[in-house]
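The stops below go from one selection to the next.

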Amino acid sequence: ILNADGTPAADAKLRLRYELRPEGRGAGYSGRDQGFWGKTMTVTDEAGRFVLDQMRDGSHYLFVVETADKARAVVHDLQAGKEDVRITVPKRRDVIVTVTGDLGQIPQRSGKPFVAVRQRVPFQPTPGQRYRDLIGDDAFFERTKEGGKAVLRGLAVDLNPDVEEQQVEVSLGNRAAHVKDVKLSTEQVTRVEFDLTKSSGK
């Protein structure tokens, strides 16, 4: 695993999200780590090297690779028996969500208003099989003079070359009344704004 600048990505996590087994059954995976990025199956060494010895022959896998600084990439083509796999994780992409208005309108978790950030990942390992996975995390708001700001570090960049445009779903407190779908910016930061002084929250 390499960082965007070509240096070895030490302590990068390979997190399994979905497995499509040879008989056609699928299995989703989650982990103890925060967020919906998958179950950590292995971690790279100082040279960025990794070994995955838990994979089944014939299964197709969807992984999220997560570097130490939370840069993330979606990887579609890891399979049992592959050797000398080389993955370069792009620079970290963050999302900054700003709210104008009263944060009291936003549902709370652990006593703090939060934003839910989700990405839908298409997974089509074979021509006749298609699955859409949901990955992401939540972030808490910090109060500002105008309202509040939340930062989620590490949106996942899909490395599948057939994916032309990636969308990010942002919802205040996971509430359908305040949700926006935005394009993942090619820059380092995707910015999303909500105006709660308007009745629609848009």
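**Strand β6 and its partners**

Select β6 and strand β14 (residues 189–195): the two pair in the parallel sense over seven bridges. Strands are DSSP runs of E of at least two residues, numbered from the N terminus, and two strands pair if DSSP finds at least two bridges between them. This is a predicted model, in which local features need pLDDT of at least 70 and side-chain atom pairs count only at pLDDT 80 or more, while totals for chains, interfaces and linings use all residues. Residues are numbered from 1 along each chain as its sequence is written, and side-chain values use heavy atoms, with hydrogens and water left out.

At Thr100, look across to Asp195 in β14. Six of the eight residues of β6 (residues 93–100) are buried, that is, under 20% relative accessible area (1.4 Å probe, protein chains only).

Select Ser185, in the loop between β13 (179–183) and β14. Ser185 is buried, at 19% relative accessible area. A polar atom of its side chain lies 3.0 Å from the backbone nitrogen of Glu187. Beyond neighbours within four places in sequence, Ser185 is in contact (heavy atoms within 4.5 Å) with Arg93 and Thr190.

**Charges over rings**

Finish with Arg72, over the face of Trp37 at 4.1 Å from the ring centre, and Arg109, over the face of Phe114 at 4.0 Å. The criterion is CZ of Arg (or NZ of Lys) within 6 Å of the ring centre and within 35 degrees of the ring normal.

How values were computed: Buried means under 20% relative accessible area, exposed over 50%, partly exposed in between (1.4 Å probe, protein chains only). Helices (H or I, at least four residues) and strands (E, at least two) are DSSP runs, numbered from the N terminus. A polar contact is a pair of N or O atoms within 3.5 Å; within protein, one must be able to donate a hydrogen and the other to accept it, and residues adjacent in sequence count only if both atoms are side-chain atoms.
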